[in-house]
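Q: Hi! Could you walk me through this one while I have it open?

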Amino acid sequence: MAARLQALGPGRGRYLLDVGAGSGSFVAAALANGWDAWGTEVREPLPSYLPLVADRILITDLVSAIPAAIQTRQFTVVHVNHVLEHVVSPSAFLRSLAARLAPEGRAIIEVPNELHSWAYYLKAFVLRCPYRSATALYEHRFFFSRHTLTRYLTTHGFQVVRLR
């Protein structure tokens, strides 16, 4: 997390949005580095949320990426960490993000690498072996390969700079 923020440079008041903010730690680190940082989450803030960022974590749903309270902002950075595989419509979600990204903005989108071994998952299913990830097959609506992720992003106006 610190390395990601360091690579982005000091915030100097620029806007950052962390979609799927979890505990709020990325938002807190961004605020400490001078960003005007906001986060979204699908559930009410938990007691574990950092008190520093409790008022900067906004509730949204799995359809739209940007809550009404910040829809007029243009974000320099949009950070989406393990969220895209859960949303109802990746296309609608990415359109929503693209509309709020500043012209020279950057989206950092991370998805799990669930497609590395379908043979393992098929074997686990057929043999009724425990699946390595307790939630992925039930909570992940979408799985992305390098190709499908690139296609989704470019179709919705994003330029893929690096994929790893």
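**The sheet and what packs on it**

A: Happy to: S1 and S2 run parallel and are joined by 5 bridges. Helices (H or I, at least four residues) and strands (E, at least two) are DSSP runs, numbered from the N terminus. This is a predicted model, where local features need pLDDT of at least 70 and side-chain atom pairs count only at pLDDT 80 or more, while totals for chains, interfaces and linings use all residues. Residues are numbered from 1 along each chain as its sequence is written, and side-chain values use heavy atoms, with hydrogens and water left out.

Q: Which residue in S2 does Val19 stand opposite?
A: Val19 faces Thr40 there.

Q: And what is the strand order in the open sheet?
A: The order is S3-S2-S1-S4-S5, 5 strands with parallel pairing; two strands pair if DSSP finds at least two bridges between them. S3 and S5 are the edge strands, each pairing on one side only.

Q: How many degrees does the twist average from one strand to the next?
A: The average is 20 degrees. Axes here are lines fitted to C-alpha atoms, for helices over the stretch in contact, and angles run from 0 to 180 degrees between N-to-C directions.

Q: Switching to helices: which strands does H3 lie across?
A: H3 lies across S1, S4 and S5, and runs at about 140 degrees to S5.

Q: Which residues of H3 are buried?
A: Pro90, Phe93, Leu94, Ser96, Leu97 and Arg100 are. Buried means under 20% relative accessible area, exposed over 50%, and partly exposed in between (1.4 Å probe, protein chains only). Those residues are on the same side of H3 because they cover an arc of only 155 degrees around the axis, the arc being that of the directions from the helix axis to the C-beta atoms.

Q: What do the buried residues of H3 pack against?
A: They pack against S1, S4, S5 and H6, with contact meaning heavy atoms within 4.5 Å.

Q: How many residues does the largest nonpolar core have?
A: It has 22 residues, and Leu17, Val19, Val78, Val80, Leu84, Phe93 and Leu97 have the most contacts inside it. S1, S4, H3 (90-100), S5 (101-110) and H6 (146-155) each give two or more residues to this core. A second, separate core has 14 residues, including Leu16, Ala37, Ile57 and Val77. A nonpolar core is a set of buried Ala, Val, Leu, Ile, Met, Phe, Trp, Tyr and Cys residues joined through side-chain atoms within 4.5 Å.

Q: OK, H2 now. Which of its residues are buried?
A: In H2 (residues 25-32), the buried ones are Phe26, Val27, Ala28 and Ala30. Their cover includes H1 (2-8), S1 (15-19), S2 (36-41), S3 (57-59) and S4 (75-81). Just after H2, Gly34 has a positive phi of about 90 degrees.

Q: Last topic: how many aromatic pairs does the structure hold?
A: There are 3. Rings of Phe, Tyr and Trp (its six-membered ring) pair if their centres lie within 6.5 Å; planes under 30 degrees apart count as stacked, over 60 as edge-to-face and the rest as tilted. Tyr15 and Phe75 form an edge-to-face pair, 6.1 Å centre to centre with 70 degrees between the planes. Tyr15 is in S1 and Phe75 in S4, 60 residues apart.

Q: Is Phe75 buried or exposed?
A: Phe75 counts as buried, at 0% relative accessibility, whereas Tyr15 counts as partly exposed at 27%.

Q: Which residues do ring pairs link into a cluster?
A: Phe142, Phe144 and Tyr152.
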